[in-house]
Amino acid sequence: MTMRCQEALERLVEGLTGSVPPADREAVIAHLATCARCRQEAVELEATAARLRESASFTVPPGFWPAFMNRLTDRMAQDRLPLLARVRRWLGSPRHAWATAVVTAMVVIALSAAARLQPRSATSPDPSLVRARGLVTETMTVTLPSLAEMLDIWRAGMTEVDPHLDALQRRSP
Amino acid sequence: MDAEDLRLLEAFRGGEESAFAALVIKYRESIYRVARHMLGNHEDAADATQDVFIRAYRALPRFDGRSQIYTWLYRITVNLCLDLRSRLTRLPLLDDEESMRDLPAGPMIEEEAAGREIGRIVSRAVAGLPPRQRAMVVLRLYQDLPYQEIARIMGCSEGTVKATMFAALRKLRRVLAEQGVRAP
Ligand SMILES: [Zn+2]
């Protein structure tokens, strides 16, 4: 097989197994017009590709996808738990008491700065809330009860309730 | 990135878990199909599809958005399936009793039975390819991905995809001919 044949057949396979740009298709056709060996090979490769495509569809058992989604949701929920347990243990150890205090203080400072710097608009979502959403994770509100309390106080001044923060706080113990 | 995927990604990062569920619903069938072609049976494919989305759920917050979400999901799928296959010494267990094709209900006529038999032979032939070759064939033939995208998923050059696809199709032609499977 010459290099030209190899290249032409490789492009041919690309075309047989999926879509290719029209220019590539034309180059292959031009080669096949002059090369009987590649024409023979092309016929056989085309038949193979057709056979492979033909037996492509699968069936899943009835009710498979709803059960799949339920199992996935359960696993996602479980997936979140070990992390919380780890963080709780970490926070429980006395040598991290200072770190916890520092993190809490930083969060309080960041949130109050965000609330002060961004004036609220009556129509658009409050930018300080948007900013707070990025700062406050579920893990933080669950593991730092003081933060949850502080959020309550901070939010008392807001007229519009952010459903995200609301949901976070409902989930925290 | 696909505009709809981008919206879902941003919503997920904003704390909406339902945005992740929407991504799962959008891509679960494609992922399952790839896994089933790679692993050869429903049970393994179903487990692999679960694991793909669990891995994606953990990693999505760090997803950089430079590639399409589906490219990223396919990469997770292929790596997971290659990893699973390398841990099994046996050939993939194929669904022999189960229909490989969507056939209408009712008494099976001869032609349908022959179709099922051919479907089994084709599945075995694809399953017999070396794992990386099989992955490329599946992504191209059954997901219709461009060579460029397949190269990205497989972590190789486009030239490698080109040469591998050619070698794989020639091998499949030979195997099918040996099994007496002719042109449709
Ligand atoms: Zn030629």
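Reader: Leaving aside neighbours within four places in sequence, which residues is B:Leu73 in contact with?
Author: B:Leu73 is in contact with B:Tyr27, B:Ile31, B:Val52, B:Phe53 and B:Ala56. Bear in mind that this is a predicted model.

Reader: Which residues touch the most other members of the largest nonpolar core?
Author: B:Leu73 is one of them, along with B:Phe20, B:Phe53 and B:Leu139. The core holds 82 residues.

Reader: And which helix gives the largest share of this core?
Author: Helix H2 of chain B, residues 17-39. It supplies 11 residues.

Reader: OK, chain B overall. How many helices and strands?
Author: Eight helices and zero strands. Along the sequence the pattern reads α-α-α-α-α-α-α-α.

Reader: What percentage of chain B is buried?
Author: Buried residues account for 51% of its 184 residues.

Reader: What share of the contacts in chain B between residues at least 6 apart join residues at least 24 apart?
Author: That share is 63%.

Reader: Now H1(B) and H2(B). At what angle do they pack?
Author: About 145°, with the axes 7 Å apart. The crossing is left-handed.

Reader: Which residues meet there, between H1(B) and H2(B)?
Author: From H1(B), B:Glu4, B:Asp5, B:Leu8, B:Ala11 and B:Phe12. On the H2(B) side they meet B:Glu17, B:Ala19, B:Phe20, B:Ala22, B:Leu23, B:Lys26 and B:Tyr27.

Reader: Take B:Asp5. Buried or exposed?
Author: B:Asp5 counts as buried because its relative accessibility is 0%, under the 20% cut-off. B:Asp5 sits in helix H1 of chain B, residues 3-13.

Reader: What does B:Asp5 touch, not counting residues up to four places away in sequence?
Author: B:Leu23, B:Lys26, B:Tyr27 and B:Ile69.

Reader: Switching to the metal. What are the protein donors of the zinc ion?
Author: A:Cys5 through SG, A:His31 through NE2, A:Cys35 through SG and A:Cys38 through SG. They lie 2.2 to 2.3 Å from the zinc ion.

Reader: How are the donor residues spaced in sequence?
Author: The spacing is C-x25-H-x3-C-x2-C. A:Cys5 and A:Cys35 link distant parts of the chain, 30 residues apart. A:Cys5 is in helix H1 of chain A, residues 3-17. A:Cys35 is in the loop between helix H2 (22-34) and helix H3 (36-54) of chain A.

Reader: Those two, A:Cys5 and A:Cys35: buried or exposed?
Author: A:Cys5 is buried, at 10% relative accessible area. A:Cys35 also counts as buried, at 13% relative accessibility.

Reader: What is the geometry of the zinc site?
Author: Tetrahedral, with angles of 103 to 115° among the four donor atoms. The ideal angle for four tetrahedral donors is 109.5 degrees.

Notes. Residues are numbered from 1 along each chain as its sequence is written. Chains are lettered from A and ligands numbered from 1 in the order in which they are written. This is a predicted model: local features need pLDDT of at least 70, side-chain atom pairs count only at pLDDT 80 or more; totals for chains, interfaces and linings use all residues. Side-chain values use heavy atoms; hydrogens and water are left out. A nonpolar core is a set of buried Ala, Val, Leu, Ile, Met, Phe, Trp, Tyr and Cys residues joined through side-chain atoms within 4.5 Å. Buried means under 20% relative accessible area, exposed over 50%, partly exposed in between (1.4 Å probe, protein chains only). Helices (H or I, at least four residues) and strands (E, at least two) are DSSP runs, numbered from the N terminus. Contact means heavy atoms within 4.5 Å. Donors are N, O and S atoms within 2.8 Å of the metal (3.2 Å for Na, K and Ca); water is not among the atoms, so sites may look incomplete. Four donors count as tetrahedral if all angles lie between 85 and 135 degrees; four count as square planar and six as octahedral if opposite donors are over 155 degrees apart and all others between 65 and 115; anything else is irregular. Axes are lines fitted to C-alpha atoms, for helices over the stretch in contact, and angles run from 0 to 180 degrees between N-to-C directions. A crossing is left-handed if the near helix is turned anticlockwise from the far one by less than a right angle, and right-handed if clockwise.
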